[in-house]
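Open the model in your viewer and keep the selection tool at hand. The stops below go from the whole chain to single residues.

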Amino acid sequence: MTPPITIGVLSLQGSVEEHLLSLSRCEGVTPRAVKTVRALQQADGLILPGGESTAIVRLLRAFGLFEPLRERIQAGMPVWGTCAGTILLAKDLIDEPPHLGVMDITVRRNAYGRQTDSFTVSDTIPAVSPDPLPLVFIRAPWIEKAGPDVQVLHTCRGHITAAREGRLLATTFHPELTGQSAFHRYFAAVVRESVN
């Protein structure tokens, strides 16, 4: 039997319910909304959802979560950033200062254009699933550069769109909006490795 793990979703702004629903489909995973330091401390791993990165950072500071979150990441907690979450994790951002600055990637915000330039593609990401997955890009960033210890999981139109560095995972698209849980199961495996 798979040992149970708790995966939190930062629940301040963005696609929170969609992530919680996707996690609920993963065996041995207890989803948890995270709005407090106590809830953060009780999570084995955390998802930083898509949304508006500057709004999320403002709320992280208002709720007293910014430094506790960075400390937990630096202590080894697995974290997955989707879209805006990828922006939060990046050590470098094009034309603006970084936020959490914990993952060795350089990210460009709104790289594909405006909301009307959003798109969906289908592609195989072997590390995650042998089957093609729908990838939803909404005002998406892309990863311009990845450090030497970063594993590139996927590229689209010549740019990095999914990457992993140890226990940190970044996707510039929205797996939570597809009705599939392959990426959530992949992240659950990362979390499970960290607690065993």
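What does the accessible surface of the protein come to, and what percentage of it belongs to carbon and sulfur atoms? The surface is about 8,600 Å², and carbon and sulfur atoms account for 48% of it. Bear in mind throughout that this is a predicted model.

**Whole chain.** Show the C-alpha trace, which spans about 40 × 40 × 30 Å along its principal axes. The radius of gyration is 15 Å, which agrees with the value near 16 Å that a compact globule of 196 residues would have. Switch to a cartoon to see six helices and twelve strands. Of the 196 residues, 53% are buried. Among contacts between residues at least 6 apart in sequence, 66% join residues at least 24 apart.

In soluble globular proteins, nonpolar side chains tend to be buried together. Select Leu-48, Leu-60 and Leu-69: within the largest nonpolar core, which has 33 residues, these three touch the most other members. Helix α5, residues 84-89, supplies the largest share of this core, with four residues. A second, separate core has 29 residues, including Leu-23, Cys-156, Leu-169 and Val-190.

**Helix α4.** Now select residues 66-74, which form helix α4. Which of its residues are buried? They are Phe-66, Leu-69 and Ile-73. Look down the axis of α4: these buried residues fall within an arc of 70°, so they line one face of the helix. An α-helix has 3.6 residues a turn, so residues three or four places apart point the same way. On the face turned away from the buried side, find the exposed residues Glu-71 and Gln-74.

Show what surrounds the helix next. The buried residues of α4 pack against α2 (37-42), β3 (45-48), α3 (53-62), β4 (79-82), α5 and β12 (168-171). Take Leu-69 by itself: leaving out residues up to four places away in sequence, Leu-69 touches Leu-40, Leu-46, Leu-48, Leu-60, Met-77 and Leu-100.

**From Gly-76 to Leu-168.** Step just past the end of α4 to Gly-76, which has a positive phi of about 115°. Then select Leu-168, in strand β12. How far apart are Leu-168 and Gly-76 in sequence and in space? They are 92 residues apart in sequence and 9.0 Å apart in space, C-alpha to C-alpha.

Is Leu-168 buried or exposed? Its relative accessible area is 8%, so Leu-168 counts as buried, the cut-off being under 20%. Apart from neighbours within four places in sequence, its contacts are Ile-73, Met-77, Val-79, Val-102, Met-103 and Ala-163. Among them, Ile-73 is one of the buried residues of α4.

Terms used. Residues are numbered from 1 along each chain as its sequence is written. This is a predicted model: local features need pLDDT of at least 70, side-chain atom pairs count only at pLDDT 80 or more; totals for chains, interfaces and linings use all residues. Side-chain values use heavy atoms; hydrogens and water are left out. A nonpolar core is a set of buried Ala, Val, Leu, Ile, Met, Phe, Trp, Tyr and Cys residues joined through side-chain atoms within 4.5 Å. Buried means under 20% relative accessible area, exposed over 50%, partly exposed in between (1.4 Å probe, protein chains only). Helices (H or I, at least four residues) and strands (E, at least two) are DSSP runs, numbered from the N terminus. Contact means heavy atoms within 4.5 Å. The arc is that of the directions from the helix axis to the C-beta atoms. The radius of gyration is taken over C-alpha atoms; the globule rule is 2.2 Å times the number of residues to the power 0.38. Accessible areas come from the Shrake-Rupley method with a 1.4 Å probe; for residues, only the protein chains shown count as cover.
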